[in-house]
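Hello,

I am passing a structure on to you, with some notes on what turned up in it. Please open it first and then read on.

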Amino acid sequence: MKYNKLINNFTNMCQRILGGNLTGVYLHGSAVMGCFHPLRSDLDLLVIVEEEVSLRDRLAFLKEMAALNEEAPAKGIEMSVVRRRFCNPFVYPTPFELHFSVSHLKWYREDPEDYAAKMQGTDKDLAAHFTILKKYGMVLYGEGVEAVFGEVPPQAYKDSICEDVADAVRSISADPVYMTLNLCRVLAYLREGLILSKRGGGEWGIEALPDRFHGLVRRALFCYEAGEEMKAGAEEGACFAAYMTEEIRFCRSAESGVSEILPR
């Protein structure tokens with residue numbers, strides 16, 4: 001993989017700064033699911049620690065993270081630091097010690113100390129990240145996945161992935177590739193229990209969804225794999241998102257007897 005050197009440098013940095021507090025470093029996401037694209041994908045990393053990370057170590061960690069991110073793919077590095085006690089038994093929403101992604105770079109650059117002190121809380125996305133890690137993930141350093149991560153309850157994973165597409169009807173026009181493929185993989189899990197990549201979700205959609213949506217899904221797949229921008233008509237995208245949203249709501253309502261999360 002093109003970014004092996006970057007991943008190794010990140011792992012070495014974690015060992016150097018976190019020292020004996022470091023439990024393990026893990027790679028997940030598209031890089032381990034066989035569909036990584038340098039223009040479409042970020043590098044997804046999880047760092048597990050035993051105890052709280054001091055402010056001094058946070059600042060040192062983030063300084064090097066920002067430098068490493070300059071060598072990352074177009075969408076950058078997405079990384080969370082989580083304490084081991086929240087991994088097994090799994091806690092949802094999952095508390096995190098520190099998070100880094102390009103969406104927060106402006107805040108970090110303007111006030112590193114404020115960022116280091118305040119970038120902690122809970123993140124529902126970690127339920128999805130842990131689930132992918134347990135199925136596909138790679139140990140870069142430290143203890144094995146099964147030794148560190150407990151089972152993620154299916155309901156937590158469902159809640160996590162459904163929340164990610166909750167605004168699909170309004171947001172699909174802004175990023176039709178991401179939202180089209182993500183809607184497919186969410187519905188694939190709700191209907192068939194399949195844990196898929198975006199590419200796998202699109203391939204499932206072509207097989208499982210009504211014919212009228214196949215063209216849109218095929219274009220999303222092509223653009224995802226080619227790293228190209230996708231042009232979808234506003235009406236076409238909204239129609240697809242509305243259909244998928246309703247199907248997702250139906251699947252969740254069938255389980256619980258009530259409508260959940262997704263707005264009408």
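β1 and β2 (residues 43-49) pair in the antiparallel sense over six bridges. As for cover, seven of the seven residues of β1 (residues 22-28) are buried, meaning under 20% relative accessible area with a 1.4 Å probe, protein chains only.

A word on where this comes from: the model is predicted, local features need pLDDT of at least 70, side-chain atom pairs count only at pLDDT 80 or more, and totals for chains, interfaces and linings use all residues. Residues are numbered from 1 along each chain as its sequence is written, and side-chain values use heavy atoms, without hydrogens and water.

Now the whole chain. It has 13 helices and seven strands, which are DSSP runs (helices H or I, at least four residues; strands E, at least two). Of its 264 residues, 53% are buried. Among contacts (heavy atoms within 4.5 Å) with a separation of 6 or more, 68% are between residues 24 or more positions apart. The C-alpha trace spans about 55 × 40 × 30 Å along its principal axes.

Best wishes

Definitions and conventions
Buried < 20%, exposed > 50% of the residue type's maximum accessible area, 1.4 Å probe, protein only. Pairing = 2+ DSSP bridges.
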